[in-house]
Amino acid sequence: MEQRVESEPMMRFDWGMTKVDAYALWCTSAGQSQIRHTPLSVGEGEEIVEVIASDVSPLDRQVAEGRFPPGPPFPVIPGTTGIVRDANGLLYFAFVEIRGGGLFTPGIHRTKASISRDLMFAIPGGVDPIDVAAGFTGIITALAVIDHLIKIRSGQSILILGANGAVGAAAVQVALERGAHVIAVARNEISIPGVDYVSYDQMPEKVMGLTGGKGVDGIIDGLGGEISNKALMSGGVDCKHVLLGFSAGVQMPLIAPRFLGNEHQLIGYNLLRRPLSLIQELMSQSMDFMIRGKILPHIAQKVDFAFAPDAFKTAAAQSGRTVLMIEGYEHD
């Protein structure tokens, strides 16, 4: 694949006066991106770090494809999270999305970044930083939803859509640890002890059968579209149905009487509206899952940063995460 590098674009962000040599991936229009020379400088209260690797998340792809309306106009630098190294050689998970990184401010798909220390979470020894890049956000989100929103209790049932995705797979393991009856929905069969697998075309009938006709107590839904309606039909009384994304469609046909009879609660969830203190607590809990080897992401491909534009075009078709390997990038 031919490496494409261009000079800094006309659009500029105010990073201060002292420039540091760096390169960044710029999404120039829907579905099109290029690596460009993009010097930066230390912002107020920030420090320069080297970016080691960065996950290409579904949200990053939606921004790059122009399918995230609140985001900025093109051109934009995507990248909501990444692994960085500070001046002392220590590795951190950088959660720049907390301050709009990759959405409303420049993201972290770049060789160097200027970020605040409170957005960096130390990565302990014995944990693969590339696993952290690919799976950490999924675990954080799963813990936040299961423990702080649905508040699942032992013996209750939970339906997890997209159970082979980053958030879904993490949610399965968290829910099992909480003693829940886990029903996992995915394209391909899932064989995990204690988990009942259901295909999308088997909802809601099989789900209702597995719950003795009662329906589930909670639903984790990152899909939207028609699938959300099938999930709605699988809910029990006072079911908390948490919508995390819309990869299966932005239009959701919903049957109104189902909301009324069982007082089904459909809740849109945005992790970033939680207090930073809670997010930091969730990070600590998530790292414990990774240290214990309970939740490790499936990485479909590791792509050299030189070929990041190609990675954005192929990531959606992968059955697993795409990670940009940024450290050591050399431009022509």
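This is a predicted model: local features need pLDDT of at least 70, side-chain atom pairs count only at pLDDT 80 or more; totals for chains, interfaces and linings use all residues.
## Overall fold

The protein chain contains eight helices and 16 strands. Its radius of gyration is 20 Å, close to the 20 Å that the globule rule gives for 332 residues, so the chain is as compact as a globular protein of that length. Along the principal axes, the C-alpha trace spans about 65 × 40 × 35 Å.

Of the 332 residues in the protein chain, 51% are buried.

## Surface and charge

The protein chain exposes about 14700 Å², and 51% of this area is supplied by carbon and sulfur atoms. The charged side chains comprise 27 positive and 35 negative ones. The centres of these two sets lie 4 Å apart.

## Cysteines

How many disulfides does a search of the whole structure find? The search finds zero. A disulfide would need a pair of cysteine sulfur atoms within 2.5 Å.

Cys 27 has a relative accessibility of 1% and counts as buried because the cut-off is under 20%. Cys 239 is also buried, with a relative accessible area of 0%.

## The loop between β3 and β4

Strand β3 covers residues 32-37 and strand β4 covers residues 46-56, and Pro 39 is in the loop between them. Pro 39 counts as buried, at 12% relative accessibility.

At 1% relative accessibility, Leu 40 counts as buried. Leu 40 and Val 20 are 20 residues apart in sequence, with a C-alpha to C-alpha distance of 5.1 Å.

## Strand β12 and Ile 220

Ile 220 belongs to strand β12, which runs over residues 216-221. Is Ile 220 buried or exposed? With a relative accessibility of 2%, Ile 220 counts as buried.

Leaving aside neighbours within four places in sequence, Ile 220 is in contact with Val 145, Ile 146, Ile 150, Ile 158, Leu 159, Ile 160, Leu 161, Ala 171, Val 242 and Leu 244. Pro 106 lies 114 residues from Ile 220 along the chain, and the C-alpha atoms of the two are separated by 30 Å.

## Helix α5

Helix α5 spans residues 225-232, and six of its eight residues are buried, so the helix is largely enclosed by the rest of the structure. The buried residues are Gly 225, Ile 227, Ser 228, Asn 229, Ala 231 and Leu 232.

What covers the buried residues of α5? The cover includes strands β9 (157-161), β12 and β13 (235-243), together with helix α6 (256-262). Strand β12, which contributes to this cover, is also the strand that holds Ile 220.

## Cis peptide bonds

The peptide bond from Phe 74 to Pro 75 is cis, and its omega is near 0°. Pro 75 is in the loop between helix α1 (58-64) and strand β5 (82-85).

The bond from Met 203 to Pro 204 is another cis peptide, again with omega near 0°. Pro 204 is placed in the loop between strand β11 (195-198) and helix α4 (205-210).

## Positive phi angles

Asp 238 is not a glycine, yet it has a positive phi of about 60°. Asp 238 is found in strand β13, one of the elements that cover the buried residues of α5. With a relative accessible area of 43%, Asp 238 is partly exposed.

Glu 263, also a residue other than glycine, has a positive phi near 50°. Glu 263 sits in the loop between α6 and β14 (265-268). Its relative accessible area is 54%, so Glu 263 is exposed.

Methods. Residues are numbered from 1 along each chain as its sequence is written. Side-chain values use heavy atoms; hydrogens and water are left out. Buried means under 20% relative accessible area, exposed over 50%, partly exposed in between (1.4 Å probe, protein chains only). Helices (H or I, at least four residues) and strands (E, at least two) are DSSP runs, numbered from the N terminus. The radius of gyration is taken over C-alpha atoms; the globule rule is 2.2 Å times the number of residues to the power 0.38. Accessible areas come from the Shrake-Rupley method with a 1.4 Å probe; for residues, only the protein chains shown count as cover. Lys and Arg count as positive and Asp and Glu as negative; His and the chain ends are not counted. The place of a charge is taken as NZ of Lys, CZ of Arg, CG of Asp or CD of Glu. Contact means heavy atoms within 4.5 Å.
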